[in-house]
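Please keep the structure in view while going through it.

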Amino acid sequence: MIFERAFFSRTITPRPPEPSNGLSIILSCSDSSIVLLTDLTDFLKKEKNIVKQIMRKQTDYIELYTDYLISGNGYATATGLSSMLDGEVSHDQITRFLSKNEFNSKDLWAQVKRTVREVEKDDACLIFDDTVQEKKWTDESDIMCWHFDHTVGKSVRGINMLNALYYSGEASIPVAFEIVEKSIQFSDIKTRQVKRKSDIAKNELMRDMIQTSINNQLKFKYILMDTWFGAKENFEFITKKNKEFIAALKSNRLFATSLENKHAGKFVRVDELELSDGVPLEGIKSLYEAI
């Protein structure tokens, strides 16, 4: 990323630090180099100028805005980015760029494909998880509405996104995403309140994302998911694609310890199984025969 290149591009040969009235800080050191700051203020000014010079040449707003998001530790705004660059890129330029483009998972794959090809392995993992970006005061729409957030155990108002993270070796790269749209409005019979629902479930979205990853010839063996996606249809879909899965199961899910028990209808709840640490248990979940 731009900030990383600008910040860590210069080192000096190790030498004893000289007395200075300014602030001296050692940022990093190794056998061959050491970065020594004898005046932090001057250094930061120089680094900012370098970043601005790079930004002036930067015509890819996606790269520019991404670097801004990565470098920031607070709220990200078009005004904040413009101020950071001392007006080199105006607030209106950033706003127009963000408003006139509608980015999707295909655009993400185009950005990361080259990097993925450099690190992908046959035994890599594809990790699925959804997140809710809470926005209490934004006007409601098909994507900006109420979603259940399992991290807080209640519904919150915001944007719900399903992400696919590719993990290979020590690299973690997002390769796909979907925004949950709740375009169908209905009236709740009990509360008589107007609610929303999506015309496609998140489990179906995940299966579509897996298929897209396969179509993109992405190398991976395992699919990881949490309890939300621990469903029979997902397990069957994954095994038919010659992939393996690791999934958490809710404690009330039914489980048969053998195929014979499954045919005899002898199922037990997951929280009633006798499990030992480090000892795998083979069995059949509900009507599924591949766990």
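**Notes on the predicted model**

1. Leaving aside neighbours within four places in sequence, His91 is in contact (heavy atoms within 4.5 Å) with Ala78, Thr79 and Ser82. His91 itself lies in helix 5, where helices (H or I, at least four residues) and strands (E, at least two) are DSSP runs, numbered from the N terminus. With a relative accessible area of 33%, His91 is partly exposed; on this scale buried means under 20% relative accessible area, exposed means over 50%, and partly exposed lies in between, for a 1.4 Å probe and protein chains only. Thr77 stands 14 residues from His91 along the chain, and the C-alpha atoms of the two are separated by 8.9 Å.

2. A word on the basis of these values. The model is predicted, so local features need pLDDT of at least 70 and side-chain atom pairs count only at pLDDT 80 or more, while totals for chains, interfaces and linings use all residues. Residues are numbered from 1 along each chain as its sequence is written, and side-chain values use heavy atoms, with hydrogens and water left out.

3. For the chain as a whole, there are nine helices and 13 strands, and 29% of the 291 residues count as buried. Among contacts between residues at least 6 apart in sequence, 52% join residues at least 24 apart.

4. How do helix 3 and helix 5 cross? The axes of helix 3 (residues 61-71) and helix 5 (residues 91-100) come within 11 Å and cross at roughly 110 degrees, the axes being lines fitted to C-alpha atoms, for helices over the stretch in contact, with angles running from 0 to 180 degrees between N-to-C directions. The two helices are therefore roughly perpendicular to each other; angles under 35 degrees count as roughly parallel, over 145 as roughly antiparallel, 65 to 115 as roughly perpendicular and the rest as oblique. Tyr61, Ile62 and Tyr65 of helix 3 meet Gln93, Ile94, Phe97 and Leu98 of helix 5.

5. Which residues of helix 3 are buried? They are Leu64, Tyr65, Asp67 and Tyr68. Seen down the axis of helix 3, these buried residues fall within an arc of 155 degrees, so they line one face of the helix; the arc is that of the directions from the helix axis to the C-beta atoms.

6. Helix 7 (residues 202-215) and helix 8 (residues 232-240) pack at an angle of about 10 degrees, with their axes 10 Å apart, which makes helix 7 roughly parallel to helix 8. On the side of helix 7 the contact is made by Asn203, Met206, Arg207, Ile210 and Gln211, and on the side of helix 8 by Glu233, Asn234, Phe237 and Ile238.

7. A search of the whole structure finds three aromatic pairs, where rings of Phe, Tyr and Trp (its six-membered ring) pair if their centres lie within 6.5 Å, and planes under 30 degrees apart count as stacked, over 60 as edge-to-face and the rest as tilted. One of these pairs is formed by Phe97 and Phe103 and is tilted, at 5.7 Å centre to centre and 50 degrees between the planes. Phe97 is buried, with a relative accessible area of 12%, whereas Phe103 counts as partly exposed at 37%.

8. The rings of Phe235 and Phe245 have centres 4.2 Å apart and planes at 5 degrees, so this pair is stacked. Phe235 lies in helix 8 and Phe245 in strand 10 (residues 244-247), so the pair ties together parts that are 10 residues apart in sequence. Phe235 is buried, with a relative accessible area of 1%, and Phe245 is buried with 18%.
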